[in-house]
Amino acid sequence: MKNANMVTTTKVPMGQKIAFGIGMFANQMFPAILGIFMVVLVQDLGFPGWMWGVLFFLPRIFDCFTDPVMGFISDNTKSKWGRRRQYVFIGALLMGISFVIMWQLYRENGLDYNFTYFLLWSFVFYLGITIFGVPYVAMGYEMSNDFHERTDIMAIAQWIGQWAWVIAPWFWVIMYDNGWFESAEVATRELSIWVGLGCMLFAMVPAIFIKSTSTVNADYSPLTMKNIGGSLKEIGQGFKEAFRSKPFRQLCIATFLIYNTFYTIASFSFFIVVYYLFGGDAGAAGLWPTLFGSVGALATTFIVIPIITGMSKRMGKKKAFIISQAISIVGYIMLWFLFIPGKPYMFLFALPFFSFGIGSLFTLMMSMTADVIDLDELNTGQRREGVFGAIYWWMVKFGFAIAGGLTGVIMSIVGFNPDLATQPEGAVLGLRVFYSGFPIIGTLIAIYVMRNYDVTEEKANEVSMELEKRKLANS
């Protein structure tokens, strides 16, 4: 099939899109659940704040360094299964099993033992995340060369993945309900088995069902024990070349700003609901903290993603991005006014606007990254989905690690202490100021960074046409 510019485009069957999306559910469920389970370390197992910070930060930094190596390996794999599928399968197996083992913690084993045990298994878990995640994301980038089809692929994947964020908040209810489990410590041990093994099976779906082409005879850099160390230099060169691409730089910086500022304040919603709306009474707050996360995710699933997909096709990806982020700013402002003591239901009206920020981010940015990868191939002659995907997600993960540290810094600055039933004067107000103000600043800077992003549909089609001519000439 050809479009008006005579570019042969790749339409992806719906079954393939869904298979990719099921992998995204696993990819989203692990971080969604970790954000809930990690609280148990402090609240129920007695980990001090510095231990929580180390456990939050070090494995993610390790993840940042292994991602580009995995990207290089994935891009240069010669196999009858193609470049990605086998790694997705192995990574799914490793992260699922290690997640289960990681959470088999018992208070009676002592604080030092539990800290060391959890930290070591965290490294194994995040290695599994890397082996799965980098090839999985690259798999999505190479599924189609069509400008709008790429957005559809990512929209479907994000739609399925968002259900992780709808489901995960309800684990709060289950974990702290004595009718289900005698304690949250017991809950994490047992629930981790269901989550780990279930997500492992979901993560295997793309490896099993998404088609790939043999790369046995491809002209890739050899992956041998002799040259794997030397390949680090090539990885570094790939990083430099990728960041020479201004459009890719813009995507990475904008994502870092939006993702980092959002997740820095994300956990504050729980504290604001409990301490501002309900005066510090967690029992009285009931399901409202859970509803905040779950309803926000539902708004993303049924409102944000369909609207953003349509906007992208009508006005282009850059304009859709800028408008969606502007809407999210409206949401943050609304939350300042709609967190009303005695009327907790009022914040629900802000959630559809608030959800446009993160809800639209990866649908658009992953599609735009695929367009930039085509541009890179035109300039370098190489297909490097793995390297570009690794760099992009490196920015996301590095931002997530920084966000964890900034969360603690902000709580210290405003004087908020979650162990106190009554907070010092001004502490909750300080959380609210950062909750609305910090992501607004990050979003405004991100919009400014993306203001002159120039990979339009017309340019993307021109690049695709040139690549097609090149392939025909070399065939």
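Me: How many disulfides does the count come to in this structure?
Reply: Happy to start there, and please keep in mind that this is a predicted model. A disulfide needs a pair of cysteine sulfur atoms within 2.5 Å. By this rule, the count of disulfides comes to zero.

Me: Is Cys 252 buried or exposed?
Reply: A residue counts as buried when its relative accessible area is under 20%. For Cys 252 the relative accessible area is 0%, so Cys 252 is buried.

Me: Which residues touch the most other members of the largest nonpolar core?
Reply: This core has 133 residues. Helix H1 (residues 14-43) gives the most to it, with 15 residues. The two residues touching the most other members are Phe 99 and Trp 103.

Me: Which residues does Phe 99 touch, not counting those up to four places away in sequence?
Reply: Here a touch means heavy atoms within 4.5 Å. With the residues up to four places away set aside, the partners of Phe 99 are Phe 30, Ile 33, Leu 34, Phe 37, Phe 125, Ser 192, Val 195 and Gly 196.

Me: Where is Thr 188, and which backbone oxygen does its side chain reach?
Reply: Thr 188 has its place in helix H7 (residues 184-209). With a relative accessible area of 2%, Thr 188 is buried. Leaving aside neighbours within four places in sequence, Thr 188 is in contact with Phe 37, Val 40, Trp 103 and Met 175. At 2.9 Å, its side chain reaches the backbone oxygen of Glu 185.

Me: Why is helix H4 largely enclosed by the rest of the structure?
Reply: Helix H4 covers residues 111-141 and reaches 43 Å from its first C-alpha to its last, close to the expected 45 Å. It is largely enclosed because, of its 31 residues, the number buried is 22.

How values were computed. Residues numbered from 1 in each chain as written. Predicted model: local features only at pLDDT ≥ 70, side-chain atom pairs only at ≥ 80, totals over all residues. Heavy atoms only, no water. Core = buried A, V, L, I, M, F, W, Y, C linked by side-chain atoms within 4.5 Å. Buried < 20%, exposed > 50% of the residue type's maximum accessible area, 1.4 Å probe, protein only. Helix = DSSP H or I, 4+ residues; strand = E, 2+ residues; numbered from the N terminus. Polar contact = N/O pair within 3.5 Å; in protein donor to acceptor, adjacent residues only side chain to side chain. Expected span 1.5 Å × (residues − 1).
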